Amino acid sequence: MKEIVSKSSFTISKCIFFGILISIPLLLFLSHRNSFSALISTTTTTTSNSDSDLKIRPGYATYDSYIQKQLNKTLNPKLRKIWTTRDWDRKIQVFSKFFGQLKTRSLLSDSSKVLCIGARMGQEVEALKRVGVSDSIGMDLVPYPPLVVKGDFHNQPFEDETFDLEFSNVFDHALYPEKYVSEIERTLKAGGFCVLHVALSRRADKYSANDLYSVEPLKKLFKRSELVHTRTIDGFGLDTEVVFTKKS
């Protein structure tokens with residue numbers, strides 16, 4: 001009886017051993033196929049993305065999570081202190097120079113109604129007032145009265161054709177660039193100007209939602225506008241000024 005049990009156990013062990021031996025090539029094949037599929041998928045994605053000069057950064061599960069990340073920067077006590085103290089006069093001086101140049105090129109006048117998108121503490125608005133443009137307002141997720149009102153640049157809280165000029169240096173923070181631009185064109189008057197300061201030669205900070213590599217995507221996004229000019233600038237890490245005018 002013991003001999004029969006022993007032979008039976010040996011037979012089972014033998015079957016298990018050969019079963020494992022046969023399975024190894026199959027497992028190796030499946031593993032190789034999965035790895036190859038992943039490689040193909042990665043390569044395809046990389047190739048597709050490389051054809052685009054505007055890339056949306058991943059990592060936002062919901063729109064609320066995107067908004068919260070933006071608020072984390074805007075509400076940071078240390079940053080807000082810097083913006084209202086050390087950076088305050090310096091930014092006003094730089095923005096005053098930019099807006100003065102816009103007046104020289106007849107893109108801006110003392111009677112212009114201006115919106116500064118993503119103005120945070122409103123240095124842009126203060127600079128506009130100092131160069132003689134009094135009818136101006138800033139817009140940001142967090143208001144800063146009286147210079148900045150609350151608003152989301154994906155859904156501006158203004159009527160159609162309200163502004164003569166809209167200025168923004170936060171295009172890189174737009175999670176939905178097409179919606180961002182369509183709102184500018186909606187609230188901009190016919191014949192009005194949109195002035196964007198963007199970074200083309202360097203990547204923006206960790207709060208950015210997209211990366212822009214050329215002006216071409218902007219030309220496609222501004223469906224109701226024409227490109228006026230582009231020029232190199234030095235504006236707080238941004239290197240290119242792009243100006244559009246809304247078609248009449």
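How many bridges join β6 to β9, and in which direction do these strands run? The two strands run antiparallel and are joined by 6 bridges. Here helices (H or I, at least four residues) and strands (E, at least two) are DSSP runs numbered from the N terminus, and two strands pair if DSSP finds at least two bridges between them. The model is predicted, so local features need pLDDT of at least 70 and side-chain atom pairs count only at pLDDT 80 or more, while totals for chains, interfaces and linings use all residues. Residues are numbered from 1 along each chain as its sequence is written, and side-chain values use heavy atoms, with hydrogens and water left out.

Within β9, Leu196 has Val242 as its bridge partner, and Cys194 has Phe244. Both strands belong to an open sheet of 7 strands with mixed pairing, in the order β4-β3-β2-β5-β6-β9-β8. Its edge strands, β4 (148-150) and β8 (225-235), each pair on one side only. On average, neighbouring strands of the sheet are turned by 20° against each other, direction ignored; axes are lines fitted to C-alpha atoms, for helices over the stretch in contact, and angles run from 0 to 180 degrees between N-to-C directions.

Two helices pack on this sheet. Helix α5 (residues 123-130) touches β2, β3 and β5 (163-168), and its direction makes about 175° with that of β3. Helix α6 touches β2, β5, β6, β8 and β9, its direction making about 145° with that of β6. Contact means heavy atoms within 4.5 Å.

Glu226 stands opposite Thr245 in β9. Leaving aside residues up to four places away in sequence, His229 touches Arg105, Leu107, Glu241, Val242 and Val243. The side chains of His229 and Glu241 are joined by a polar contact of 3.3 Å. Such a contact is a pair of N or O atoms within 3.5 Å; within protein, one must be able to donate a hydrogen and the other to accept it, and residues adjacent in sequence count only if both atoms are side-chain atoms.

Why is β9 described as largely enclosed by the rest of the structure? The reason is that 9 of its 9 residues are buried, where buried means under 20% relative accessible area, exposed over 50%, and partly exposed in between (1.4 Å probe, protein chains only). Cys194 counts as buried because its relative accessibility is 1%, and Cys116 does so because its value is 0%. A search of the whole structure finds 0 disulfides, a disulfide being a pair of cysteine sulfur atoms within 2.5 Å.

A nonpolar core is a set of buried Ala, Val, Leu, Ile, Met, Phe, Trp, Tyr and Cys residues joined through side-chain atoms within 4.5 Å. The largest has 33 residues, of which Ile117, Phe153, Phe171, Tyr180 and Leu218 touch the most other members. Elements that each supply at least two residues of this core include α2 (63-74), α6 (177-187) and β9 (238-246). Its largest share, 4 residues, comes from β6. A second, separate core of 25 residues includes Trp88, Ile92, Leu107 and Ala127.
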